[in-house]
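Please keep the sequence and the 3D view side by side while reading.

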Amino acid sequence: PMASTPESVAAFLRGRRFAVAGVSRNPAQPANGIFRKLKRSGYEVVPINRKTSEVEGTKCYAGVAAIPGTLDGVVIATAPAASIDVVRQCADCGVKRVWFHRSIGEGSVSDEAVRECHARRIDCIVGGCPLMFCEPVDIAHKCMRWWFQRNGRVPS
């Protein structure tokens, strides 16, 4: 049977246009993998990185406010200390959904950033990553999703 997709994740993935914060000139970064996967899954995806103007052939923006048009959500795959700043940018720009990436280790999650989401009425997904839910999901991410859901590391 198909693994169930949590409602919070399904709601996020119903969006069409996302930004990914934390993409890097290093293609091995988790944020870059998320960026590529969302693009391959048919979403419009905008990379955010203050330090570079282009990532993997796509124009990069310094922050949420610099991105023209509206965003349906932002995947935060930055260092935890930077995540609250991204949340505040989302709040200021009317972005209603964020997804804090977390796989092995703490990922981008900071308690302060999660509290800020609640205070600013932003729906947040804490943990996991779109690679675990965007079809087709590769075997490694299916296994991780199963493991994380059983261990409370992603929504189930």
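The accessible surface of the protein chain comes to about 7800 Å², and carbon and sulfur atoms hold 53% of that area; such areas come from the Shrake-Rupley method with a 1.4 Å probe, and for residues only the protein chains shown count as cover. The model is a predicted one, in which local features need pLDDT of at least 70 and side-chain atom pairs count only at pLDDT 80 or more, while totals for chains, interfaces and linings use all residues. Residues are numbered from 1 along each chain as its sequence is written, and side-chain values use heavy atoms, with hydrogens and water left out.

**The whole chain**

Five helices and seven strands make up the list of elements in the protein chain, where helices (H or I, at least four residues) and strands (E, at least two) are DSSP runs numbered from the N terminus. Along the sequence, their order gives the pattern α-β-α-β-β-β-β-α-β-α-β-α. Along the principal axes, the C-alpha atoms fill a box of roughly 40 × 35 × 25 Å. The radius of gyration of the protein chain is 14 Å, which agrees with a compact globule, because a globule of 156 residues would have a value near 15 Å; this radius is taken over C-alpha atoms, and the globule rule is 2.2 Å times the number of residues to the power 0.38. Of the 156 residues, 49% are buried, a word that means under 20% relative accessible area, with exposed meaning over 50% and partly exposed in between (1.4 Å probe, protein chains only).

**Strand S5 and its partners**

Strand S5 covers residues 73–76, and both of its faces are covered, with Gly73 and Val75 buried on one side and Val74 and Ile76 buried on the other. In a regular strand the side chains alternate between the two faces of the sheet. Strand S1 (residues 17–21) runs parallel to S5 and is joined to S5 by four bridges, and strands count as paired if DSSP finds at least two bridges between them. Within S5, Ile76 is the bridge partner of Ala21. S5 is also joined to strand S6 (residues 97–100), by three bridges and again in parallel, and here Val74 has Val98 in S6 as its bridge partner. Between S5 and S6 the chain passes through helix H3 (residues 80–93), in a β-α-β crossover that is right-handed; this term applies if, with the strands pointing away from the viewer, the path from the first strand over the helix to the second runs clockwise.

Which residues of helix H2 (residues 30–40) are buried? They are Ala31, Asn32, Gly33, Ile34, Phe35, Lys37 and Leu38, and their cover includes helix H1 (7–13) and strand S2 (44–48).

Glu56 sits in the loop between strand S3 (54–55) and strand S4 (58–59), and Glu56 counts as partly exposed because its relative accessibility is 35%. Thr58 lies in strand S4 and is buried, because its relative accessible area is 18%. The table gives side-chain polar contacts, meaning pairs of N or O atoms within 3.5 Å; within protein, one must be able to donate a hydrogen and the other to accept it, and residues adjacent in sequence count only if both atoms are side-chain atoms.

| Side chains | Polar contact |
|---|---|
| Glu56 and Asn32 | 2.9 Å |
| Glu56 and Arg36 | 2.6 Å |
| Thr58 and Lys39 | 3.2 Å |

Conventions
Contact = heavy atoms within 4.5 Å.
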